[in-house]
Amino acid sequence: MSRPRALITGITGQDGLYLAESLIAKGYDVHGVIRGQNNPRRELVEELVPDVHLHNGDLTDLSSLLRALRDSEPDEVYNLGAISFVAYSWENAALTTDVTAKGVLTMLEALRLHSGDDPGRVRFYQASSSEMFGKVQETPQRESTLLWPRSPYGVSKVFGHHMTINYRESYGMHASSGILFNHESPRRGEEFVTRKVSKAVAAIHLGLADELVLGNLDARRDWGFAGDYVEAMWLMLQQDEPDDYVIATGISHSIRDLVRLAFAHVGIEDWPRYVREDERFRRPAEVDTLVGDAAKARRVLGWQPTVSFEELVPMMVQADIEALKAGWR
Ligand code: NAP
Ligand code: F7E
């Protein structure tokens, strides 16, 4: 029997790397779409997952996606590519819409054209987001909760989510949408708050910095570990029927909790001494609080998180300490 084949957009991102590793460990032949003429993250992908086959392509370019599909002939497509930084999405709303919203339609269209008479032959995963809940209308948030996005990013994800459902209903595609709450890891981009905090705390601990500048410390998020969340993506595509699932831990913490825990890992209790609040990092419209109900994923997929917030934050701080020390050698 031939190995199952997967194509991942967003292979250079946090989730793309974890998913590629996980699929390779499951015996998949893994392909990834990489954009740009000299992508600086290509090296990282080649180092961490050397068995992945990379295809040039961009979510805004239909023919490049058709070519990647033709050359990889996947059984499963994971659409993780996006402009994913919420704060940036206000400054580049049109670009965010082109990639994070319309890019989903372009990927779905490429897949529909590629699949010909058999629209269900390639299974499709869309990376939807808890940011779609925005100004939350129900707590905890579940699959049926009304969507009320608060940023150009959130609005774009709502478009991608509904387009995925529409292609499933219109063409019978095996298209599933994972509504994932925040998930983090030592590979998280440094622009996101968990990694910004872990890196700054590591630097303060090593005497390389003396300040951490943040925005809204009162916002609350439901944070999990990225390695757990990519397993949920895979499980969704192993089901006979496509569907939508919330993936979350069910526990929320404030940014203040995050900062306290990160500093505690390096033995600093008087953390407010090092933290300064700056309006620059506040958003035009904030998502104040998110907490997910993953009961459906637990029941249907048998999925549950394995890493708690109390384990995740020290893991990230420790990884940044090791990385900074390695830089000295
Ligand atoms: P990430 O680290 O920011 O990675 C985003 C990926 O998208 C990168 O590989 C990036 O490639 C790629 N990309 C950007 N523009 C593209 C374009 N025009 N064409 C093709 N690829 C493009 O994001 P992540 O945290 O891994 O998240 C993966 C997906 O899940 C994203 O869609 C994100 O919106 C969504 N999501 C994330 C979370 C979370 O908490 N992490 C929660 C819910 C949903 P370059 O390296 O070339 O920039
Ligand atoms: O912000 C607050 C900020 O940028 C979290 C993306 O993966 O998860 C992520 O989006 C919270 C917000 O993530 C700073 O105001 C305070 O309330 O880490 P973040 P996000 O916006 O929740 C969702 C699920 C996605 O889908 C997205 O792609 O932290 N905050 N001070 C700050 N945030 C940042 N970045 N920097 C600060 O200095």
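L212 sits in strand β8, which spans residues 212–214. In this predicted model, L212 is buried, with a relative accessible area of 2%. L212 and Y274 are 62 residues apart in sequence, yet their C-alpha atoms are 6.0 Å apart in space.

**Around L212 and P314**

- Leaving aside residues up to four places away in sequence, L212 touches K196, V197, A200, I204, V259, F263, Y274, V275 and R276.
- F263 also has a C-alpha 9.0 Å from that of P314, and these two residues are 51 apart in sequence.
- P314 is placed in helix α11.
- P314 counts as buried because its relative accessible area is 18%, and the cut-off for buried is under 20%.
- With residues up to four places away in sequence not counted, P314 touches H265 and F309.

**The sheet**

- Seven strands make up an open sheet with parallel pairing, in the order β3-β2-β1-β4-β5-β6-β11.
- At the edges are β3 (53–56) and β11 (244–247), each of which pairs on one side only.
- From one strand to the next, the twist averages 20 degrees.
- Strands in a sheet pair through backbone hydrogen bonds, in a parallel or an antiparallel way.
- Strand β5 (residues 123–129) is joined to strand β6 (residues 175–180) by six bridges, and the two run parallel.
- Within this pairing, S129 stands opposite L180 in β6.
- Helix α1 (residues 14–25) packs on the sheet and touches β1 (5–9), β2 (29–34) and β4 (76–79).
- The direction of α1 makes about 175 degrees with that of β1.

- I179 stands opposite V246 in β11.
- In a regular strand, side chains alternate between the two faces of the sheet.
- In β11 both faces are covered.
- D244 and V246 are buried on one side, and Y245 and I247 are buried on the other.

- Helix α6 (residues 152–171) has 20 residues.
- From first C-alpha to last, α6 reaches 28 Å, close to the 28 Å expected at 1.5 Å a residue.
- Helix α8 (residues 226–237) has twelve residues.
- From first C-alpha to last, α8 reaches 18 Å, close to the expected 16 Å.
- Why is α8 described as largely enclosed by the rest of the structure? Eleven of its twelve residues are buried.
- The buried residues of α8 are A226, G227, D228, Y229, V230, A232, M233, W234, L235, M236 and L237.

**Aromatic pairs**

- Searching the whole structure gives eight aromatic pairs.
- F133 and F181 form a tilted pair, because their ring centres are 5.9 Å apart and their planes lie at 35 degrees.
- F133 is in the loop between β5 and α6, and F181 is in the loop between β6 and β7 (183–184), so the pair ties together parts that are 48 residues apart in sequence.
- F133 is buried, with a relative accessible area of 0%.
- F181 is buried too, with a relative accessible area of 0%.
- W223 and F309 form a stacked pair, 5.5 Å centre to centre and with 15 degrees between the planes.
- W223 is in the loop between β9 (220–221) and β10 (224–225), while F309 is in helix α11 (residues 309–328).
- The W223–F309 pair thus links distant parts of the chain, 86 residues apart.
- W223 and F309 are both buried.

**Charges over rings**

- K26 lies over the face of W234, 4.4 Å from the ring centre.
- W234 is also one of the buried residues of α8.
- The charged end of R187 sits over the ring of Y18, at 4.4 Å from its centre.

Key
Residues numbered from 1 in each chain as written. Chains lettered and ligands numbered in written order. Predicted model: local features only at pLDDT ≥ 70, side-chain atom pairs only at ≥ 80, totals over all residues. Heavy atoms only, no water. Helix = DSSP H or I, 4+ residues; strand = E, 2+ residues; numbered from the N terminus. Expected span 1.5 Å × (residues − 1). Pairing = 2+ DSSP bridges. Axes fitted to C-alpha atoms, helices over the stretch in contact; angles between N-to-C directions. Contact = heavy atoms within 4.5 Å. Phe/Tyr/Trp six-rings, centres within 6.5 Å; stacked < 30°, edge-to-face > 60°. Buried < 20%, exposed > 50% of the residue type's maximum accessible area, 1.4 Å probe, protein only. Lys NZ or Arg CZ within 6 Å of the ring centre and 35° of its normal.
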